[in-house]
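Trainee: Please pick one part of this model and go through it closely, starting from the overall picture. I would like the cut-offs stated as you use them.

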Amino acid sequence: MPRGMSLHGGNQRANNSPHPLGVVLALVIGAAQRARVREALRGRYDVRFVDKSVELTQLALSAPEALGGIIVEARDADGWSTIETIRQIRRFAIPAPLIAYCRIGAERSGDLQALV
């Protein structure tokens, strides 16, 4: 996400917003995975994708009251674990549900256990 971008996108939405429930931040890597998330939330949430843990943290802390949820994989685009990011988000008591996004496969089971 470009530097300086906010959750609000710089404009106010009218009551007939196509996203009545707000914004969901998603650290989900891969075009197919992002398409699944986008489709699952279409019409309910405005999904903002990020590639790196630091981006997720910055956006989550910038306007936590605007968040309808946070979806996070076990690793970001650089392959770094997102566990510390999750801890930081919880430490600041951001009032949004935190949802782990896990891919299928035996090689991912350690990541899933770490997220839990």
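Mentor: In the protein chain, 67% of the contacts between residues at least 6 apart in sequence join residues at least 24 apart, where contact means heavy atoms within 4.5 Å. The model is predicted, so local features need pLDDT of at least 70 and side-chain atom pairs count only at pLDDT 80 or more, while totals for chains, interfaces and linings use all residues. Residues are numbered from 1 along each chain as its sequence is written, and side-chain values use heavy atoms, with hydrogens and water left out.

The protein chain holds 4 helices and 4 strands, taken as DSSP runs numbered from the N terminus (helices H or I, at least four residues; strands E, at least two). Along the sequence they follow the pattern β-α-β-α-β-α-β-α. Of the 116 residues, 38% are buried, that is, under 20% relative accessible area, with exposed meaning over 50% and partly exposed in between (1.4 Å probe, protein chains only).

The part I would pick is helix α2, which spans residues 53-62. Its buried residues are Ser53, Glu55, Leu56, Thr57, Leu59 and Ala60. Among the elements that cover these residues are β1, β3 and α3.

Take the side towards α3 to begin with. Helix α2 packs against helix α3 (residues 83-91) at an angle of about 10°, and their axes are 9 Å apart. The two helices are therefore roughly parallel to each other. On the α2 side the contact is made by Ser53, Leu56, Thr57 and Ala60, and on the α3 side by Thr85, Gln88 and Ile89. By type, these residues divide into 3 nonpolar, 4 polar and no charged. For the geometry, axes are lines fitted to C-alpha atoms, for helices over the stretch in contact, with angles from 0 to 180 degrees between N-to-C directions. Angles under 35 degrees count as roughly parallel, over 145 as roughly antiparallel, 65 to 115 as roughly perpendicular and the rest as oblique. For the residue types, Ala, Val, Leu, Ile, Met, Phe, Trp, Tyr, Cys and Pro count as nonpolar, Asp, Glu, Lys and Arg as charged, and the others, Gly among them, as polar.

Apart from its neighbours within four places in sequence, Thr57 is in contact with Thr85 and Gln88.

Now the side towards the strands. Leu59, also in α2, is buried at a relative accessible area of 6%. Leu59 and Leu25 lie 34 residues apart in sequence, yet 7.9 Å apart in space, C-alpha to C-alpha. Leu25 belongs to strand β1 and counts as buried at 0% relative accessibility. Leu25 and Leu67 are 42 residues apart in sequence and 7.5 Å apart in space, again C-alpha to C-alpha.

A nonpolar core is a set of buried Ala, Val, Leu, Ile, Met, Phe, Trp, Tyr and Cys residues joined through side-chain atoms within 4.5 Å. The largest has 16 residues, and those with the most contacts inside it are Leu25, Leu56, Ala60, Leu67, Ile70, Ile89 and Ile94. At least two residues of this core come from each of β1 (23-27), α2, β3 (67-72) and α3. A second, separate core has 10 residues, including Val28, Leu41, Tyr45 and Ile71.

Helix α1 (residues 31-41) has as its buried residues Gln33, Arg34, Val37 and Leu41. They cover an arc of only 100° around the axis, which puts them on the same side of α1. Covering them are elements that include β1, β2 (46-49) and β3. Ala31 and Arg36 are exposed residues on the face of α1 turned away from its buried side.

One backbone detail follows the partner helix. Just after α3, Ala93 takes a positive phi of about 50°, although Ala93 is not a glycine. Ala93 sits in the loop between α3 and β4 (98-100) and is exposed, with a relative accessible area of 57%.

Methods: The arc is that of the directions from the helix axis to the C-beta atoms.
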